[in-house]
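Take a walk through this model.

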Amino acid sequence: MQMEEKKEVNRPLRFVLTGLTVLFIALIGISVFRSDSVSGVQSVAKSVLMPMQEGLNKTGSAVVDAVTNVESLRKAQKENKELKEQVMQLQQEISLMQQDKYEIDEYRELFQLSNQYEDYEMTGANVIAKDSGNWFHSFIIDKGTNDGLAVDMAVLAQGGLAGIITSVGPSSARVMSIIDDDSNITAMSMSTKERCMVSGDLELYEDGRMRIMYVEKDASISEGDKIVTSNISTKYLPGLMIGYVDSIETDANNMTKSGTIIPYVDFSHLDTVLVITTLKNNGDDIEE
């Protein structure tokens, strides 16, 4: 079927070519035998051939322009592809640089934190898993007994106390955060040394806060005071930064005060931590 269609299309072209050939032969014969008719033949030829030549010239120019445009388009597409690849490569390099900067900032922060507690032996660790929920109220780190870790070792991050190790394996350990509902810390005001209790409350931490309780009525603890672990704490070494007082007021019993504190650690983001490998064992285990 396709062959028949091609024959139908080519037939008119053959007729045209045959006619032009006959015309050219006739013109050549006339120019040979009748020179006086040459001028007339030339006029006829010009009138017939000039438009054809102009048409051919225009067609040829159009073809050349089309080929040039196609070649330019292909070149532009190739350059565009190369530019896209370069952009993707640069974006990857920028992402890696940003990741490196983030890690450097974290390590710098941990280094500053270790200098803050230079009296204690420490080791760094990475957070590799967490329990379900919005917050890092319980999480896993990538070091364990093989690295000298043990239960009840304190864990620091972002300038303050993050939690305490509750269980440990050869190469990992579980940490309970200070915001967990089961967390209770004997604490004190950094400036006045007046004692209090800091308790975790996951519902309260929805607003980024923890509870401060059992503050004596006449204690001078007030908003903005820094709260640290107490020297009488049974598990935590003294002086570890917990947070600062957000609000405090007298309780209904008119004997104590309570309120809220804002912890130093952001428990929505935890990547790297410091573990204090020094243990404090001096009494019954009251805190968790």
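The largest cavity holds about 30 Å³ of space. A cavity here is a set of points, on a 1 Å grid over the protein atoms alone, where a 1.4 Å probe fits but cannot get out. Points join across faces, edges and corners, and the volume is the space filled by probe spheres set on them. The whole structure has 1 cavity of 30 Å³ or more. Its lining residues (an atom within 4 Å of a point) include Asp-152, Tyr-236 and Lys-280. The lining divides into 5 nonpolar, 1 polar and 3 charged residues.

This is a predicted model: local features need pLDDT of at least 70, side-chain atom pairs count only at pLDDT 80 or more, and totals for chains, interfaces and linings use all residues. Residues are numbered from 1 along each chain as its sequence is written, and side-chain values use heavy atoms, without hydrogens and water.

Now the strands (DSSP runs of E, at least two residues, numbered from the N terminus). Six of them close into an antiparallel barrel, in the order 1-2-5-4-3-12. Pairing requires at least two DSSP bridges between two strands. Strand 4 (residues 160-168) and strand 5 (residues 173-177) run antiparallel, joined by 5 bridges. Ile-164 has Met-176 of strand 5 as its bridge partner.

Finally, the loop between strand 8 (210-216) and strand 9 (226-229) carries Glu-223. Glu-223 is exposed, at 56% relative accessible area; exposed means over 50%, with a 1.4 Å probe and protein chains only. Beyond its neighbours within four places in sequence, Glu-223 contacts Val-245, Asp-246 and Ser-247 (heavy atoms within 4.5 Å). Glu-223 and Ser-247 lie 24 residues apart in sequence, yet 5.6 Å apart in space, C-alpha to C-alpha.

How values were computed. Helices (H or I, at least four residues) and strands (E, at least two) are DSSP runs, numbered from the N terminus. On a 1 Å grid over the protein atoms alone, a cavity is a set of points where a 1.4 Å probe fits but cannot get out, and a pocket is an open set with protein on both sides within 12 Å along at least five of seven lines; lining residues have an atom within 4 Å of a point. Ala, Val, Leu, Ile, Met, Phe, Trp, Tyr, Cys and Pro count as nonpolar, Asp, Glu, Lys and Arg as charged, and the others, Gly among them, as polar. Buried means under 20% relative accessible area, exposed over 50%, partly exposed in between (1.4 Å probe, protein chains only).
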